Amino acid sequence: MPRVDEAWTLGTFAGNGDPRSSREGVMDLGQLKRHWNAFGKTDPLWAIIALPDKKGNKWDMDEFFDRGEAEIGSVMAYARQLPVSFRSRRALDFGCGVGRLTQALTARFDELVGVDVAPSMIRLARRYNRHGRRCRYVVNGEDNLRLFPSDHFDFVYSNMVLQHMRPAYAKAYI
Ligand SMILES: C[S@@+](CC[C@H](N)C(=O)[O-])C[C@H]1O[C@@H](n2cnc3c(N)ncnc32)[C@H](O)[C@@H]1O
């Protein structure tokens with residue numbers, strides 16, 4: 001099991017350096033999944049927001065989730081200023097972790113889906129969920145989001161997920 005300290009080495013995708021090096025050109029997400037899954041079992045909240053004084057499971061849950069509310073509040077205020085409109089029915093939180101942002105999105109959307117590569121994170125997201133069936137959490141170990149039909153979501157949000165991947169990965173999801 002990797003040490004939690006390794007969280008911030010994820011961007012390098014330790015290995016031979018080629019994220020698409022597995023057979024048939026399929027993205028090898030195994031290592032990524034193992035790393036995040038381990039963090040989900042050891043120090044999940046710190047692995048998500050790595051403030052030095054929160055290391056060792058020292059995050060206060062309310063404080064952690066309050067940050068999610070504040071973030072989504074700002075994002076939605078910004079979105080309102082844009083010359084676009086979208087329905088408020090369904091939203092996707094890609095790389096949802098323990099559901100910090102998924103839950104906050106309930107302020108604006110009826111149904112939320114949080115998707116994550118790590119089963120341990122999804123287990124916690126389900127445990128911490130305060131919105132019943134409005135928030136659904138799904139493990140996705142694929143290098144795409146084809147488990148959802150096209151145009152299924154009115155809004156897709158993702159924070160602190162795609163920057164850990166090389167652009168080729170991110171494009172595959174988008
Ligand atoms: C830094 S955490 C951010 C969690 C959440 N977005 C938040 O801000 O609270 C990154 C999350 O992205 C997930 N993740 C990383 N790569 C992923 C992928 N390819 N597909 C889905 N989830 C992924 C990790 O398992 C982890 O839970």
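Visitor: How far does confidence in the model extend?

Guide: This is a predicted model, in which local features need pLDDT of at least 70, side-chain atom pairs count only at pLDDT 80 or more, and totals for chains, interfaces and linings use all residues. Residues are numbered from 1 along each chain as its sequence is written. The term pLDDT denotes the predictor's confidence in each residue, from 0 to 100. The protein chain has an average pLDDT of 86, and 84% of its residues score at least 70. Over residues 1-27, however, pLDDT stays under 50.

Visitor: Which secondary-structure elements make up the protein chain, and in what order do they run?

Guide: Helices (H or I, at least four residues) and strands (E, at least two) are DSSP runs, numbered from the N terminus. The protein chain has six helices and four strands, in the order α-α-α-β-α-β-α-β-β-α from the N terminus on.

Visitor: At what angle do helices α1 and α5 cross?

Guide: Axes are lines fitted to C-alpha atoms, for helices over the stretch in contact, and angles run from 0 to 180 degrees between N-to-C directions. Here the axes of α1 (residues 30-42) and α5 (residues 119-128) cross at roughly 40 degrees and come within 6 Å. Angles under 35 degrees count as roughly parallel, over 145 as roughly antiparallel, 65 to 115 as roughly perpendicular and the rest as oblique; α1 and α5 are therefore oblique to each other. Residues are in contact if their C-beta atoms, placed from the backbone, lie within 7 Å. Helix α1 contributes W36, N37, G40 and K41 to the contact, and α5 contributes P119, S120, M121 and L124.

Visitor: Which residues are closest to the ligand?

Guide: A residue is near a molecule if its C-beta atom, placed from the backbone, lies within 6 Å of it. The ligand is surrounded by 19 residues, of which W36, G95, G97, R100 and A118 are the closest. Two or more residues of this shell come from each of α1, α4 (100-104) and β2 (111-116).

Visitor: Is I48 buried or exposed?

Guide: A residue is buried if 20 or more other C-beta atoms lie within 10 Å of its own, exposed if 12 or fewer, and partly exposed in between. I48 has 24 other C-beta atoms within 10 Å and is therefore buried. This residue lies in helix α2 (residues 44-48). Apart from neighbours within four places in sequence, I48 is in contact with G97, V98 and R100.

How values were computed. Contact = placed C-beta atoms within 7 Å.
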